[in-house]
Structure formats: C-alpha cells, structure tokens
Amino acid sequence: MIVTEYELRANWHKTKDKLIILPPGSVITPSARDFIRSKGIDVQIEGNGLQDIHKKTFSSANQSIDRSNRLQSFQEPNVLRETQTQNQTQTRTQAIAQAQTSISSGVKPEHMTHLRTGALVAKTHPVIAYRGQLDLFQCELVEAQGFFLQAGEEELILKLEEISVLCRELMVSEVKQVPFQWATLIGLTPEELRERSHHPKKY
C-alpha cells in the first residue's frame, strides 16, 4: 500500500489522529512523511510496532524500529545487516503469503481492489486515482452544463457534452487497454487546441 500526503491530509483533517496504523508492506511517500512529521503523528505497521520515519525512505519491510538492535548496538555491522536482511525477507514473505491466502480463499484483502479481471492492486494504484479524477471531472462537466442551462447557453452545453463524451471514451480505452485516438474536439484539431491554449488573448 502506497500512502500519499493527499490521503493522509484528507483523513487527518477528519479525525486528528496522533497514531495511524498501516497494513504490512506499506510505503510512505516523502511528502506524506513530511506531513506526518509536521503533525507529530506516530506510525505503526500491523505486527511491527512503531516506525522510524526520519530515515530517507520508508517501508514496513526495512524501516521498522528494531529495539533489539538498539540494545545490541555493540554487535558488528555485518551481523546487524544479516539480521535486518532476514527480518526484511520474513516480513515480505508474510505479507505475500497473507495476500495469496486471502485471494485463494476468495476473500479480497481490504486494502486491495480489482483493476481489471484477474488484476488485484492496492487501492492507491495510480490508475485507480486516474479513474477517480476522470469521474470527478465528468461530474463537474454536468454541473457546468446545469449552470449554462439556466443561463440559456445552449451552444456551450453542446460543447461540454462533446468533452464529456471524450472523457467516457478515455475511460473505456483505459479499461480495455486499447490506444486512444481522437480527431477533433469542439471542432478543433489537437494542433489548433494547443495553439489556442498557448495564445488565449489572440483567440
């Protein structure tokens, strides 16, 4: 599971929690880690205890606070590295085994969802975020059409409908994994649209 600043910020403003608990295998992005530090939030990975988020990278596999290593700091670095490697391997193996057990038993892990038939991914997968943004944009188009309907701007409503159709075709193209192609939008070619977006005062 990839934890982003956007998700953390959205949840934190609702709950103001000082402790977040994440599933095994979670990875916190640098911006999310900065947000956690700024709010004084403690992070715990299920089964691993509190985490040290002050290191440059973060994942439950290699950033756990290992209290036994602190107590045994007199051990040689090579011995510590071997211990950490073994712990990392065990954690990864356990996370994979849990996911496979859930999938094979027909139970979908809570932090995962189906991207396509047979493709199970974390809910923070970039494609899931893309689909959500595309849905949100289409909702905003409908709201804009309602506004223009009240204003009697029928021509603008038709142009927005054309953009809405393009968005639906984008979604279909992504789900079916086929190349997306289009010739014109609101009567303009890609080159003409680009020209107008770069020189709005001219047009």
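**Exercise 1. In which sense do β2 and strand β4 pair, and over how many bridges?**

Step 1. Locate the strands. β2 covers residues 19-22, and β4 covers residues 42-45. Strands here are DSSP runs of E with at least two residues, numbered from the N terminus.

Step 2. Read the pairing. β2 and β4 pair in the parallel sense over 4 bridges. Two strands pair if DSSP finds at least two bridges between them.

Step 3. Pick out a position. I21 stands opposite Q44 in β4.

Step 4. Check the faces of β2. I20 and L22 point to one face and are buried. Buried means under 20% relative accessible area, with a 1.4 Å probe and protein chains only.

The model is predicted: local features need pLDDT of at least 70, side-chain atom pairs count only at pLDDT 80 or more, and totals for chains, interfaces and linings use all residues. Residues are numbered from 1 along each chain as its sequence is written, and side-chain values use heavy atoms, with hydrogens and water left out.

**Exercise 2. Describe the hairpin of β6 and β7.**

Step 1. Strand β6 (residues 112-116) and strand β7 (residues 119-122) run antiparallel, joined by 4 bridges.

Step 2. M112 stands opposite A122 in β7.

Step 3. Between the strands lie 2 residues, and G118 takes a positive phi near 85°.

**Exercise 3. At what angle do helices α1 and α2 pack, and which residues make the contact?**

Step 1. α1 (residues 5-15) and α2 (residues 30-39) pack at about 30°, with their axes 8 Å apart. Axes are lines fitted to C-alpha atoms over the stretch in contact, and angles run from 0 to 180 degrees between N-to-C directions.

Step 2. So α1 is roughly parallel to α2 (angles under 35 degrees; over 145 counts as roughly antiparallel).

Step 3. α1 contributes E5, L8, R9 and W12. α2 contributes S31, A32, F35, I36 and K39. Contact means heavy atoms within 4.5 Å.

**Exercise 4. How do helices α5 and α6 pack?**

Step 1. α5 (residues 126-151) and α6 (residues 154-176) pack at about 165°, with axes 10 Å apart.

Step 2. Therefore α5 is roughly antiparallel to α6.

Step 3. Residues that meet include Y130, L134 and F137 in α5 and L160, I163 and C167 in α6.

**Exercise 5. Is S173 buried or exposed?**

Step 1. S173 sits in helix α6.

Step 2. Its relative accessible area is 8%, so S173 is buried.

Step 3. Leaving aside neighbours within four places in sequence, S173 is in contact with V178, P179 and F180.

Methods: Parallel < 35°, antiparallel > 145°, perpendicular 65-115°, else oblique. Buried < 20%, exposed > 50% of the residue type's maximum accessible area, 1.4 Å probe, protein only.
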